[in-house]
Amino acid sequence: MASLIRKFYTLTLIRSGNKVLLGFKKRGFGQGKWNAFGGKVEKGESLEEAAIREVHEESGIEIVGGVEKVGELEFTFEGESNLMDVHVFAAKSFKGEPVETEEMRPQWFPIEDLPYSQMWPDDYLWYPIILKGGKFRGAFHFQGHDIILSQKLEEVNEFA
Ligand SMILES: Nc1nc2c([nH]c(=O)n2[C@H]2C[C@H](O)[C@@H](COP(=O)(O)OP(=O)(O)OP(=O)(O)O)O2)c(=O)[nH]1
C-alpha cells in the first residue's frame with residue numbers, strides 16, 4: 001500500500017455545565033453534520049494555537065486559560081491517500097456568546113441529548129469517554145463519509 005499523507009487537524013469541545021456547544025456545518029467537509037469546532041493546523045502554528053483560532057473563527061467564542069488534550073483520532077478513507085490526524089481538545093474556560101458564521105451555526109445541546117444521528121458516525125463511540133472526563137485514542141477507516149469499515153478505540157490515561 002502506498003504511504004499515507006498525514007495532515008493535522010484540531011477539534012475542540014466547548015462545554016458549559018451540562019451542555020455542549022456544537023455547530024451545524026453549513027459548507028465544505030462534513031457539510032450537514034453537527035460537530036465541535038476545528039480545522040486544519042496552519043504552518044507555524046502549534047496544535048493548541050490552531051484549536052483556539054478555529055473555535056474563534058467558527059463560533060465567535062474566545063477560549064480563556066487554554067485547552068486540554070482529550071483525544072487523538074486518525075481517519076482514513078478507502079481509496080484516498082490522506083490520513084487525517086485530529087487532535088481533540090476541551091476548552092478550560094471561555095468567554096463570549098456563540099455567533100453564527102459562514103461555516104457554522106452554533107447551538108447548545110444537553111450532554112444526554114447530543115444529535116448523534118446527525119454527527120459523524122464514530123462520534124457516539126468516543127463522546128461518552130470525554131464527557132465523563134476521560135481521554136481516548138481512536139482510528140477509523142471510512143468508506144465515503146457514512147460507513148465505518150474498521151475501527152480501533154481505547155481509553156488512555158495520557159498521551160505519549
Ligand atoms: N467529530 C468528528 N470530527 C471529525 C471527524 N472527521 C473529521 O475530519 N472531523 C473534523 C476534524 C476537523 O475539525 C474538521 C475538518 O476540518 P475542515 O476540513 O473543516 O478544516 P478547515 O475548516 O480548516 O477547512 P476549510 O473548510 O476552511 O478548507 O472535521 C469525525 O469523524 N468526527
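Q: Which residues of helix α2 are buried?
A: This is a predicted model, to begin with. In α2, which covers residues 123–131, the buried residues are Asp123, Trp126, Tyr127, Ile129, Ile130 and Leu131.

Q: And what do the buried residues of α2 pack against?
A: Strands, six of which are listed by their residues: β1 (5–16), β2 (19–25), β3 (34–35), β4 (62–77), β7 (135–143) and β8 (147–156).

Q: What comes just after α2?
A: Glycine 133, which has a positive phi of about 95°.

Q: Ok, stepping back. How many helices and strands are there?
A: The protein has two helices and eight strands. In sequence order the pattern is β-β-β-α-β-β-β-α-β-β. The radius of gyration is 15 Å, close to the 15 Å that the globule rule gives for 160 residues, so the protein is as compact as a globular protein of that length.

Q: What does the C-alpha trace span?
A: About 45 × 35 × 35 Å along the principal axes.

Q: How much of the protein is buried?
A: Of its 160 residues, 44% count as buried. As for the surface, the protein exposes about 8700 Å², with carbon and sulfur atoms supplying 49% of that area.

Q: What share of the contacts comes from residues 24 or more positions apart?
A: They account for 64% of the contacts with a separation of 6 or more.

Q: Switching to aromatics. How many pairs turn up?
A: Searching the whole structure gives 12 aromatic pairs. Phenylalanine 75 and phenylalanine 142 have ring centres 6.0 Å apart and planes at 65°, so this pair is edge-to-face.

Q: Why edge-to-face?
A: Because the planes are at 65°, and the cut-off for that class is over 60 degrees.

Q: Where in the chain do those two sit?
A: Phenylalanine 75 is in strand β4 and phenylalanine 142 is in strand β7, 67 residues apart, so to speak of the pair is to speak of a link between distant parts of the chain.

Q: Buried or exposed, phenylalanine 75 and phenylalanine 142?
A: Both are buried.

Q: Which residues do ring pairs link into a cluster?
A: Phe29, Phe75, Phe77, Trp120, Phe140 and Phe142.

Q: Last topic, charges. How many positive and negative side chains?
A: There are 19 positive and 26 negative side chains in the protein. The centres of the two sets lie 1 Å apart.

Terms used:
Residues numbered from 1 in each chain as written. Predicted model: local features only at pLDDT ≥ 70, side-chain atom pairs only at ≥ 80, totals over all residues. Heavy atoms only, no water. Helix = DSSP H or I, 4+ residues; strand = E, 2+ residues; numbered from the N terminus. Rg over C-alpha atoms; globule rule 2.2 N^0.38 Å. Buried < 20%, exposed > 50% of the residue type's maximum accessible area, 1.4 Å probe, protein only. Contact = heavy atoms within 4.5 Å. Areas by Shrake-Rupley, 256 points an atom, 1.4 Å probe, with all protein chains shown as cover. Lys, Arg positive; Asp, Glu negative; His and termini not counted. Charge placed at Lys NZ, Arg CZ, Asp CG, Glu CD. Phe/Tyr/Trp six-rings, centres within 6.5 Å; stacked < 30°, edge-to-face > 60°.
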